[in-house]
Amino acid sequence: MGFFKFKKQDSQTSSNIKKELVNEKFPIVETPDVPPVKKEISKPFVYPPPRRKKEKEDIADFFTVSIYDIFKHNPESVRKGRGTNGCPVEIFELKLSELELSTFSKVEILRYENKQYDLVFISRTNEIRDNLKNFIDFSCKAFGPDFMQKGSFNANDLRDAALGVFSRIWYNRARIENSSFTIALTLYALTPAK
């Protein structure tokens, strides 16, 4: 049993340690007064009522640009020429900051001498998207069937668009066509807002 050798400790060393422990005082810490926690009664979440889509009352409701005050968007004058009716026009161009009817990226404005104008919305696509379909359906309700007696948008219109022969024409009001495999929308004889 000679593995461990215990050395007797000096009694003075152990008494010094005891004295240090006795002399060392810990600071008194006061606990702060904390008000009792109030338990909140949670209210059940009530979903807001669904927003009703605002009914479109005018073709202007379909556009983010103001079609009755188009010149407030500062279009650029590009040339003078003759309109489809043979009258002299000044042609302006406006690049749109966002797609109109999810389709059109640019609009040409044909302003006549009497200050009325036509808007020609131009796209880079041949796809007829939902917003344009809704516009066609609205136009059928507002103006009646087009000159070929076509009503609401249907599957035949998709086929016609793929063939490049799609058109809807409401004389002196609106025209939608894709004769060059890109969709174009013309709004006729708009009068500026006063």
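Which residue in β7 is the bridge partner of Glu177? I looked this up and found Ala184 as the partner of Glu177 in β7.

**Basis.** I note that this is a predicted model, in which local features need pLDDT of at least 70, side-chain atom pairs count only at pLDDT 80 or more, and totals for chains, interfaces and linings use all residues. Residues are numbered from 1 along each chain as its sequence is written, and side-chain values use heavy atoms, with hydrogens and water left out.

**The sheet.** I took helices (H or I, at least four residues) and strands (E, at least two) as DSSP runs, numbered from the N terminus. I recorded an open sheet of seven strands in the order β1-β2-β3-β4-β7-β6-β5, with antiparallel pairing; two strands pair if DSSP finds at least two bridges between them. The edge strands are β1 (76-82) and β5, each of which pairs on one side only. On average, neighbouring strands of this sheet are turned by 20° against each other, direction ignored. Axes are lines fitted to C-alpha atoms, for helices over the stretch in contact, and angles run from 0 to 180 degrees between N-to-C directions.

**Strand β6.** I then followed β6 (residues 174-177). Four bridges join β6 to the antiparallel strand β5 (residues 167-170), and Ser167 stands opposite Glu177. Three residues separate β5 and β6 in their hairpin, where Asn172 in the turn has a positive phi of about 60°. Four bridges also join β6 to β7 (residues 184-190), again antiparallel, with Ile176 opposite Leu185. The hairpin of β6 and β7 has six residues between the strands, and Phe181 takes a positive phi near 60° there.

**Helix α2.** I found that α2 (residues 130-143) packs on the sheet, touching β3, β5, β6 and β7, and makes about 30° with the direction of β5. Contact means heavy atoms within 4.5 Å. The buried residues of α2 are Leu132, Phe135, Ile136, Phe138, Ser139 and Cys140. Gly144 follows α2 with a positive phi, near 95°.

**Phe92.** Lastly I examined Phe92 in strand β2 (residues 88-100). Phe92 is buried, with a relative accessible area of 7%. Leaving aside neighbours within four places in sequence, its contacts include Phe71, Pro75, Val107 and Ile109.

Key. Buried means under 20% relative accessible area, exposed over 50%, partly exposed in between (1.4 Å probe, protein chains only).
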